[in-house]
Amino acid sequence: MPRWLYATRYWERVRLRLKEKKGFRAGRAPALADYFPSVLGTVPEKLIFNALVDRGINFYFAQFWGDMPFTTEAKEKYRPDFILPDIRVIINVQGVYWHSLPGKYESDAVQVGLYIASGFKIYLLTDIQILAGVEDALNTIPELLIAPRGTTRIIG
């Protein structure tokens with residue numbers, strides 16, 4: 001049985017719970033049916049997760065970069081959101097607030113450089129772009145339009 005996730009900010013959910021003292025956003029239509037409640041992630045990550053499963057694309061979700069079988073770095077410092085090994089693409093979901101903090105731009109640039117040096121193409125999708133339309137956001141990635149479809153293999 002799926003649980004329902006809503007595309008609102010955390011503090012809005014807390015405010016609604018404290019103010020209404022009712023069920024979770026009672027009377028509102030859900031933004032996302034979560035068919036994988038055991039997989040932890042934000043709402044934009046869950047939207048991409050569901051879209052990739054619907055398309056039948058193989059991917060790793062939130063695995064440490066050092067744990068990948070094609071890497072030699074033992075440090076568990078980087079954790080890309082989605083690794084699509086069949087088409088050598090990495091999709092990272094960028095929260096507009098968190099990735100605009102001081103010093104985050106530089107660390108993101110180092111992380112992207114590591115992925116590119118490993119032979120992957122990286123696509124950074126913002127949470128606003130995903131919440132506006134996940135299919136439109138994923139259609140900006142040309143490799144996904146010609147990606148091999150088959151039995152979905154999800155690791156993570």
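**Stop one: Glu-143**

Select Glu-143 and show its neighbours: leaving aside residues up to four places away in sequence, it touches Ile-87, Val-89, Lys-121 and Tyr-123, where contact means heavy atoms within 4.5 Å. Before going on, keep in mind that this is a predicted model, where local features need pLDDT of at least 70 and side-chain atom pairs count only at pLDDT 80 or more, while totals for chains, interfaces and linings use all residues. Residues are numbered from 1 along each chain as its sequence is written, and side-chain values use heavy atoms, with hydrogens and water left out.

Now pick Lys-121 along with Glu-143: the pair sits 22 residues apart in sequence and 9.5 Å apart in space, C-alpha to C-alpha. Colour by secondary structure and you'll find Glu-143 in helix α6, residues 142-145. (Helices, H or I of at least four residues, and strands, E of at least two, are DSSP runs numbered from the N terminus.)

Is Glu-143 buried or exposed? Buried, with a relative accessible area of 14%; the cut-offs are under 20% for buried, over 50% for exposed and partly exposed in between, using a 1.4 Å probe and protein chains only.

**Stop two: Arg-88**

Next, click Arg-88, in the loop between β4 and β5 (89-94). Its phi is positive, about 55 degrees, although Arg-88 is not a glycine. Arg-88 is partly exposed, at 34% relative accessible area.

**Stop three: Ala-62**

Finish at Ala-62, in the loop between β3 (59-61) and β4 (82-84). Here is another non-glycine residue with a positive phi, near 55 degrees. Ala-62 is partly exposed, with a relative accessible area of 24%.
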